[in-house]
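Hi there,

Here is the model I promised to pass on. Have a look at it first, and my notes follow below.

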Amino acid sequence: MRTILFELKEGLMIALRAIRANKIRSSLTMLGIFIGITVVVTMSTAIKGIDNSFQDGISSLGSDVIYVDKFAWFTNVEWWKIRNRRNIEMADFEKFKQSAKLPLAVAPVINTFQTVKFGEKRVETINVNGSNADYVQTTNFTFEQGRFYSEVESNASRQVAVIGSEIAKKLFPRGDALDKTIKIGAANFKVVGILSEQGSFLLGPWNPDNQVFIPIGTIYKNFVARSRGTVTINIRAQNPALLEETKAEAIGVMRKIRGLSYDQEDDFSVNQQEGLTDSYNSIVGVIQIAGLFITGLSLFVGAIGIMNIMFVSVRERTKEIGLRKAIGAKKRTILSQFLMESSLICLVGGFFGLLAAILLSMLINQFIPTAIQVDAVIIAIVVSLITGIVSGLAPAYTAAKMDPVEALRYE
Amino acid sequence: MNIINIEHIAKIYQVGTEEVHALRDVSLRIDKNEYVAIMGPSGSGKSTLMNMLGCLDTPTSGIYQFNSINVSEMTDNDLAMIRNKEIGFVFQTFNLLARSDAVHNVELPLIYAGISYRERRERAQQALIDVGLQDRMHHKPNELSGGQRQRVAIARALVTNPSIILADEPTGNLDSKTGEEIMVLFADIHSKGNTIILVTHEEYIAEHAARIIRLKDGLVEADEKVKKFKAN
């Protein structure tokens, strides 16, 4: 055991000398691994970051909420089949609320896109959400300041609003949004609540951070004619275990309200977070595989480069190998010397690649969320080591096998 | 005391479809503290014999006993160990590590022998002092003259206290004055009890030895004492 440690340590020293002796060549060799690892790690931090962002966004939607809508979020049913569906009316909602027994809370939602202004500042194309006081119960919203609008305010269609954290930041950089009056479209609304940061950029216009929430009556009064807009019914189940039953009940109640006979298909859709997750997973799954393939390819190219250089290095040092063997180096000593050289080059290259990846991730984080994790670091190190060993193996074996007599004669 | 005992050694090489008989039938004995020169023209088999003696190669047939151990059929690893501990090589082209200093070059065999850092540094430095290079210890080969490089190589050969010093045309790459200095150094080493085997094709170099073995066509043609030889 002692001799193995000794041999490893001496092999390491010899490998270090060899690398330092030819700094330029070693650096160029490292470049391949450096680029490969940078790409692999950056890609994995970006994917992890997007994943985290997605999970955050999803959780703000709630896994125990379903949405009864005119159309499905994702569908491969032909458009012509569903384009003639009727809107869902407030009247449908009222009937639904009366009939459904299982939900914890239900709320009607209608959306419009408006410009929101305060003084000189404005934000365009904001998703304005109109609902009733029960709406907040169908979400997991938390408040930075203030509160949601109340049942009284909602029934009276008072022009009060709750704004998302991004809206608050943009219109009120000093954080003094509460009780101020903002303009939604052409109408004045008083801010009664500001949400804390909830969601995720991935939700786009449905990111609560970028939404404004007002009583549904004010939507009809100011923005959308009653006859035109379709209402979404948000339904929160009492708990996730009852989700399927709640969903089944909802379908049944809706069918009755819509007067559908047993042989007619639903003329509405029930959406839920799970659908989003499935879609997300399938998209991300493809991205991950493609990403892995591309980055794997770049690592492969790097490994070939290393193998190439190691072969050249071995050839160049033929006389030296002959000399070492003549004065007593065994085959395995020569083998480990060159294996360590290639492994060391790869480890150092991988280490710098990791540093670069971390820097790059921090840079990219401004545009796409990234998450640097311990397992990315471990993967980087292990991959570097394996690449070093695998690409160094053939050249090292060639060196070890050399006949010392011929090697010494080599010119 | 008998260090080298070779009995009816033959070496046959396959070169394509041809068989080359580098050594046909060679027998000889070399005792401790002898100073032997092996001479012969090209193709006489002297390089092959030298490789045999240095345990760099094994004979096709015959027996080679080194310090009473039969090395003719040893494995590569065992031969490597024998070379490391018992044989000090000195080459015509010096064969130093170009990017390492003198001390590291000299300590190299000790590394392969598993000697600790401190001990091998000491021994390497002492060996360099013994060959007169105490002021050049941390010079790299390209900072040394030809003669100095060969001295480093000789120090390297001596550092393991080997049974034999095997020198292959040690002055071949040196001018005559420097060559003579090296031969003086060999004489000094010999006087300290070492066994030296010199391989050369130069008559005047061979005459520094006490005994000349002449090879021709893979056989020993002559094996005679040098009359002019004077031990130091």
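Chain B has seven helices and ten strands in its secondary structure. Please keep in mind throughout that this is a predicted model. The C-alpha trace of chain B spans about 50 × 40 × 40 Å along its principal axes. Its radius of gyration is 18 Å, which agrees with the value near 17 Å that a compact globule of 232 residues would have. Of those 232 residues in chain B, 46% are buried. Among the chain B contacts with a separation of 6 or more, 67% join residues 24 or more positions apart.

Next, the nonpolar cores. The largest one has 113 residues, and those with the most contacts inside it are B:Ile38, B:Ala155 and B:Ile197. Helix H2 of chain A gives this core its largest share, eleven residues. There is also a second, separate core of 48 residues, which includes A:Ile66, A:Phe93, A:Tyr149 and A:Val212. Leaving out residues up to four places away in sequence, B:Ile38 touches B:Lys46, B:Leu49, B:Met50, B:Ile197, B:Val199, B:Ile213 and B:Leu215.

A:Phe93, from the second core, brings us to helix H4 of chain A, residues 90–99, where the buried residues are A:Asp92, A:Phe93 and A:Phe96. These cover an arc of only 100° around the axis, so they sit on the same side of H4(A). What lies over the buried residues of H4(A)? The cover includes strand S2 (105–118), strand S9 (232–236) and helix H8 (243–257) of chain A.

Beyond its neighbours within four places in sequence, A:Gly49 is in contact with A:Ile368, A:Pro369, A:Thr370 and A:Ala371. A:Ile163, by contrast, is 114 residues from A:Gly49 in sequence, with 26 Å between the two in space, C-alpha to C-alpha.

Happy to go through any of this with you.

Best wishes

Key: Residues are numbered from 1 along each chain as its sequence is written. Chains are lettered from A and ligands numbered from 1 in the order in which they are written. This is a predicted model: local features need pLDDT of at least 70, side-chain atom pairs count only at pLDDT 80 or more; totals for chains, interfaces and linings use all residues. Helices (H or I, at least four residues) and strands (E, at least two) are DSSP runs, numbered from the N terminus. The radius of gyration is taken over C-alpha atoms; the globule rule is 2.2 Å times the number of residues to the power 0.38. A residue is buried if 20 or more other C-beta atoms lie within 10 Å of its own, exposed if 12 or fewer, and partly exposed in between; C-beta atoms are placed from the backbone. Two residues are in contact if their C-beta atoms, placed from the backbone, lie within 7 Å. The arc is that of the directions from the helix axis to the C-beta atoms. A nonpolar core is a set of buried Ala, Val, Leu, Ile, Met, Phe, Trp, Tyr and Cys residues joined through C-beta atoms within 7 Å.
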